[in-house]
Amino acid sequence: VTRPMLRTTDLARLVVQARVTLGAIVVDATVGNGHDTLMLVDAVGPTGCVYGFDVQADALARTRVRLGARTNVELFEAGHERLAALLPVEVHGRISAMMFNLGYLPGAARHITTQSETTKIALKAGLSLLAPGGMITLVLYPGHAAGVEEAASVRAMVAALPVGFSAHSASRLNSVTAAPELIIIERLSSQDIS
Ligand SMILES: C[S@@+](CC[C@H](N)C(=O)[O-])C[C@H]1O[C@@H](n2cnc3c(N)ncnc32)[C@H](O)[C@@H]1O
């Protein structure tokens, strides 16, 4: 099996990087080893802020090392299903981008994986906290049992979004194994809703 040069996680980063501007408030809903977190922290700059969530203390500790002296970031050792309660009220409705890279952390315990029920709670909360023009990306992994169920439930939820949202999907077509899927959701601004 060859590793694609453009991975689904790269696509997610490219789309978010193209949208996020200096000073933005954004969320990494699955920090893991902090690759997306670092990209977001640098994209929003010192006047912006990144809020990150993960349930694994080890992963957050590695991410803190990766982030070095950057201060425009707050990491919560908590499940993303608690994001509405943990994000300060002042940023509700002002989130420009939220990234979910679901599943388990490669190299760590595989049972510590995102779960469809808590993912649904987090996605619902995330949608309600987005700024007009804001974006949510999700990378789904239907290559493991919990991931199959989670991918199906996220797809069903996204397909039923009302007119104020727009959603796209992308995945590698010629993969020999179950390909990860990128879902991009935008909250439309009122002038874009016809
Ligand atoms: C695929 S990894 C994320 C990789 C990360 N984006 C990176 O750049 O390294 C998925 C992460 O979700 C975390 N996770 C599992 N359940 C979670 C939950 N309820 N809330 C937040 N994170 C969770 C896992 O601990 C794991 O680190």
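**Which oxygen atom is 2.6 Å from an N or O atom in the side chain of Asp 54?** An oxygen atom of the ligand is. The views below come from a predicted model, in which local features need pLDDT of at least 70, side-chain atom pairs count only at pLDDT 80 or more, and totals for chains, interfaces and linings use all residues. Residues are numbered from 1 along each chain as its sequence is written, and side-chain values use heavy atoms, with hydrogens and water left out.

**View A. Residues around the ligand.** The ligand is surrounded by 23 residues. A residue counts as near if one of its heavy atoms lies within 4 Å of the molecule. The closest are Asn 33, Asp 54, Gln 56, His 80 and Glu 81. Asn 33 places a backbone N or O atom 2.8 Å from a ligand oxygen atom. His 80 has a polar backbone atom 2.8 Å from a nitrogen atom of the ligand.

**View B. Helix H1 beside helix H2.** Helices (H or I, at least four residues) and strands (E, at least two) are DSSP runs, numbered from the N terminus. The axes of H1 (residues 8-19) and H2 come within 10 Å and cross at roughly 15°. Axes are lines fitted to C-alpha atoms, for helices over the stretch in contact; angles run from 0 to 180 degrees between N-to-C directions. H1 is therefore roughly parallel to H2. Angles under 35 degrees count as roughly parallel, over 145 as roughly antiparallel, 65 to 115 as roughly perpendicular and the rest as oblique. The crossing is right-handed, meaning that the near helix is turned clockwise from the far one by less than a right angle. Arg 13, Val 16 and Gln 17 of H1 meet His 35, Asp 36, Met 39 and Leu 40 of H2. Contact means heavy atoms within 4.5 Å.

**View C. Helix H2 against helix H3.** H2 (residues 35-44) and H3 (residues 57-67) have axes that come within 10 Å and cross at roughly 35°. This crossing of H2 and H3 is right-handed. On the H2 side are His 35, Thr 37, Leu 38 and Val 41; on the H3 side are Thr 63, Arg 66 and Leu 67.

**View D. Helices H5 and H6.** The axes of H5 (residues 116-129) and H6 (residues 145-159) come within 9 Å and cross at roughly 30°. H5 is therefore roughly parallel to H6. Their crossing is right-handed. H5 contributes Ser 116, Thr 119, Lys 120, Leu 123, Lys 124 and Leu 127 to the contact, and H6 contributes Glu 149, Glu 150, Ser 153, Val 154, Met 157 and Val 158.

**View E. Glu 186 in strand E7.** Strand E7 spans residues 181-187 and includes Glu 186. The side chains of Glu 186 and Arg 19 make a polar contact (2.7 Å). A polar contact is a pair of N or O atoms within 3.5 Å; within protein, one must be able to donate a hydrogen and the other to accept it, and residues adjacent in sequence count only if both atoms are side-chain atoms. Leaving aside neighbours within four places in sequence, Glu 186 is in contact with Arg 19, Gly 134, Met 135, Gly 164, Phe 165 and Ser 166.
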